[in-house]
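Thanks for coming. I have one structure to go through today, and I will take it from the whole chain down to single residues. Please have a look at it first.

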Amino acid sequence: MSSRETKTDVILIGAGIMSATLGTLLKELVPEWEITVFEKLENAGEESSNEWNNAGTGHAALCELNYTVENPDGSIDISKAIKINEQFQLSMQFWSYLVESKLIRNPQDFIIPLPHMSLVQGEQDVTFLKKRFEAMSNNPLFQGMEFSDEPQKLMEWIPLIIQDRPSNEPIAATKIDSGTDVNFGALTRILFDHLKSKNVDINYKHSVDNIKRTRDGLWELKVRNDSGNVERHTAKFVFIGGGGGSLHLLQKSGIPEGKHIGGFPVSGIFMVCNNPDVVAQHHAKVYGKAKVGAPPMSVPHLDTRFIDNKKSLLFGPFAGFSPKFLKTGSIFDLVTSVKPDNLVTMLSAGAKNMSLTKYLIEQVMLSKEKRMEELREFIPNAKSEDWDLVVAGQRVQVIKDTEAGKGTLQFGTEVISAADGSIAALLGASPGASTAVSVMLELIKKCFPQQMKAWEPKIKEMIPSYGVSLLKNPELIQEIHTSTARTLGLSENLPLQITRQTVS
Ligand SMILES: Cc1cc2nc3c(=O)[nH]c(=O)nc-3n(C[C@H](O)[C@H](O)[C@H](O)COP(=O)(O)OP(=O)(O)OC[C@H]3O[C@@H](n4cnc5c(N)ncnc54)[C@H](O)[C@@H]3O)c2cc1C
């Protein structure tokens with residue numbers, strides 16, 4: 001039985017950080033546009049954006065070793081790190097704008113200052129880290145980075161990791177105090193509360209089953225509501241922000257740009273420390289090096305987190321294989337994503353990535369004691385009884401045909417949009433939530449080219465470095481670092497206030 005029918009300007013599918021960011025940007029740019037949201041779960045930020053489902057790292061390339069590579073001549077290429085840092089600065093500026101405009105009351109409800117560190121062991125990796133430090137610390141985007149291979153200094157920085165370390169193997173770390181821990185779940189909920197206060201029509205427990213083009217060029221969604229009834233809703237523009245669920249919806253839209261694309265799911269598991277004495281001994285995000293054969297998103301890290309107003313300690317994520325595209329998805333997700341148009345792409349990817357698949361399946365089978373062994377590379381005397389396993393979110397990496405060949409696995413995020421800009425989907429999940437503002441601005445530019453001229457002044461008011469290379473404007477970097485740190489309460493001399501979420 002079909003019940004409700006509506007017509008609106010914009011439909012956002014999914015209530016994760018991406019829809020939250022796009023909706024908030026659009027409400028600032030064109031407040032009069034009507035926006036409707038459909039989310040299949042009971043609340044916003046329950047899938048990958050939830051605080052327990054991701055690592056909460058404000059990815060600014062301050063500690064992630066996989067964003068810098070060693071060239072054959074031994075020099076270090078930091079171009080990817082620069083790109084990601086500049087993208088994160090866009091998020092920081094937008095969040096600051098929301099705080100200054102009183103749309104977010106207390107930034108400490110979602111962002112906390114936390115040192116970001118990289119840690120390596122062994123002579124070869126210590127030499128790499130030193131060279132990387134030299135390449136980065138001269139760059140204004142990474143100012144304040146320190147390096148040490150002295151046990152005493154390291155003991156001061158990361159006592160939990162250094163104490164009781166049995167071997168005399170060389171060990172070194174870099175540390176930068178301007179890193180952040182971001183509660184993307186809290187931020188998503190804050191932004192959806194704000195959207196609700198702006199009369200955005202948010203429908204939870206509403207699952208989008210189908211999308212099709214109407215004769216008059218609109219998009220019609222078939223939506224199953226909480227009573228199981230089918231509703232039909234039309235819009236001029238649709239954003240498919242379904243996280244892992246986006247690929248299936250993109251395929252249903254039938255747009256040619258969505259063909260020949262597949263998805264490769266990677267699951268995640270964290271270990272959470274339940275011993276407050278251990279938690280109290282660590283205060284940083286410490287990223288190590290990925291194991292040989294491991295995908296880049298499974299770089300092990302030991303992270304202080306601030307969740308539910310409480311300091312926690314998480315280790316992981318351990319990558320694994322699950323055929324589901326969402327944590328709350330179906331075991332048939334992978335199989336049903338294979339269509340005639342992406343069959344060859346998927347088969348090619350399968351053949352090329354046998355070793356990765358084998359690695360991921362082996363990871364799923366790891367016993368808790370095996371995972372403890374990996375943790376002990378960080379905390380030598382970690383006790384099994386102090387740690388519990390928690391299942392994190394699913395990431396669906398994009399598979400597509402590229403110059404590198406058919407069925408190439410991609411590790412970034414990708415906006416796929418129709419030629420006329422009337423529908424767009426976000427695929428992939430890395431660097432992810434941290435770069436939501438940059439990715440949604442890219443989507444706006446692609447889908448609303450006619451409006452960009454009129455919108456640009458407002459975008460620049462919200463995000464002063466929009467369209468400008470920060471690297472080429474060191475004074476702007478300084479200005480932005482200082483003002484965003486002050487507005488978001490990240491300056492060291494500001495008291496740390498962790499309170500309940502407050503929304504205007
Ligand atoms: C283990 C792990 C660690 C990570 N660590 C980090 C990190 O440290 N830093 C970082 O920046 N990023 C990190 N990420 C990535 C980040 O979490 C994601 O990029 C981001 O949360 C994606 O947001 P989203 O809005 O696209 O998707 P989601 O948050 O997954 O939201 C999508 C929503 O769409 C809904 N939906 C799906 N299908 C339908 C449908 N048919 N109808 C209605 N609703 C639907 C879902 O229920 C869900 O609520 C991590 C991810 C994982 C899995």
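**Overall fold**

Taking contacts in the chain between residues at least 6 apart in sequence, 73% of them join residues at least 24 apart. Keep in mind that this is a predicted model. There are 15 helices and 21 strands in the chain. Its radius of gyration is 23 Å, close to the 23 Å that the globule rule gives for 504 residues, so the chain is as compact as a globular protein of that length. Along the principal axes, the C-alpha atoms fill a box of roughly 70 × 50 × 45 Å. Of the 504 residues, 58% are buried.

How many cavities of 30 Å³ or more does the count give? The count comes to one. The space in the largest cavity is about 90 Å³. Which residues line it? The lining consists of Lys291, Ala294, Ser298, Pro300, Phe315, Gly316, Pro317, Phe318, Ala319, Tyr359, Gln363 and Glu374. By class, that lining has seven nonpolar, three polar and two charged residues. Two elements, β17 (310-320) and α11 (354-364), each supply at least two of the lining residues. The most comes from β17, with five residues.

Strand β20, residues 414-417, pairs with strand β21, residues 423-427. The pairing is antiparallel and runs over four bridges. Within it, valine 415 stands opposite leucine 426 of β21. Five residues sit between the two strands, and in this hairpin glycine 421 takes a positive phi near 70 degrees.

What about the two faces of β20, covered or open? In a regular strand, side chains alternate between the two faces of the sheet. In β20, Glu414 and Ile416 are on one side, with Val415 and Ser417 on the other. All four are buried, so both faces of the strand are covered; buried here means under 20% relative accessible area.

Glutamine 121 is in β6, which covers residues 116-121. Is glutamine 121 buried, partly exposed or exposed? Its relative accessible area is 26%, so glutamine 121 counts as partly exposed. Leaving out residues up to four places away in sequence, glutamine 121 touches Arg165, Glu169, Pro170, Ile171 and Glu377. As for threonine 68, which is 53 residues away along the chain, its C-alpha atom is 17 Å from that of glutamine 121.

Methods. Residues numbered from 1 in each chain as written. Predicted model: local features only at pLDDT ≥ 70, side-chain atom pairs only at ≥ 80, totals over all residues. Heavy atoms only, no water. 1 Å grid on protein atoms, 1.4 Å probe; cavity = no way out; pocket = protein on both sides within 12 Å on 5 of 7 lines; lining within 4 Å. Points joined across faces, edges and corners; volume = space filled by probe spheres on them. Nonpolar A, V, L, I, M, F, W, Y, C, P; charged D, E, K, R; others polar. Buried < 20%, exposed > 50% of the residue type's maximum accessible area, 1.4 Å probe, protein only. Pairing = 2+ DSSP bridges. Rg over C-alpha atoms; globule rule 2.2 N^0.38 Å. Contact = heavy atoms within 4.5 Å.
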